[in-house]
Each structure stands twice: as structure tokens, then as C-alpha cells.
Amino acid sequence: IAYHRRLGIERWTLYDLDGSGAAAGLGGEPGVELVPRFPEELGSARLQAGNAWNPICLEAIAQTQCFWKYRGRAKWVTTLHSFDEFLVSARHRF
């Protein structure tokens, strides 16, 4: 997150798709919203069962929710699949 802050990104919404809680430590940082246990929030036993064998199956639903949440509120919205993915800027070299 520190790297992306330097690029000018101000807000993050992190979805815990597999229920591992891996992002829990980031939930208290400024500008970071954590959506914990996202499969449970959907309230669908069928989606939860499908997510149990393939945690990525809910990724498209999480992305769609995020895009709609920030529609009209953000100039740009992008998604990164994992913590080990980074945006790269030709203008900002760190």
C-alpha cells in the first residue's frame, strides 16, 4: 500500500474472498476499507459452497460491487488480484 500511496492512490477496498483474514492487518490504515468474510456477507449457501473449492469464483462479484460502490464518487477505479501485484507508472519511478 505504501508504494501505491506514493503513486497518488488515496483509497483501497480490500475483499477477503477466501475468509483467511490475510488483509485484516490493513483494515485500520487510513484510506483502507476491509470487507471481511465476503462470501458470508452475500448470504448464499450456494456461492459459499462454490467458493470453498475455488476462492476466486467470487472475484467478479466483488469487483462488480466495488465498481458500483465508487461509481460517480471516484475518478478512477482499478482492481488488483493479489497483494503481489503492483501498478506501474511511466511518470513515477521509485
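**Reading the predicted model**

Modeller: The protein has four helices and two strands. This is a predicted model, where local features need pLDDT of at least 70, side-chain atom pairs count only at pLDDT 80 or more, and totals for chains, interfaces and linings use all residues. Residues are numbered from 1 along each chain as its sequence is written, and side-chain values use heavy atoms, without hydrogens and water.

Biologist: What makes a run a helix or a strand?

Modeller: Both are DSSP runs: helices (H or I) need at least four residues, strands (E) at least two. From the N terminus the order is α-β-β-α-α-α.

Biologist: What share of the 94 residues is buried?

Modeller: Buried residues make up 22%. The term means under 20% relative accessible area (1.4 Å probe, protein chains only).

Biologist: Which residues lie nearest its centre?

Modeller: Trp12, Thr13, Leu14, Thr78 and Leu80, out of 39 lining residues. Lining residues have an atom within 4 Å of a point. Helix H1 (2-7), strand E1 (12-15) and helix H4 (59-70) each give two or more residues to the lining. H4 supplies the largest share, five residues.

Conventions: Buried < 20%, exposed > 50% of the residue type's maximum accessible area, 1.4 Å probe, protein only. 1 Å grid on protein atoms, 1.4 Å probe; cavity = no way out; pocket = protein on both sides within 12 Å on 5 of 7 lines; lining within 4 Å.
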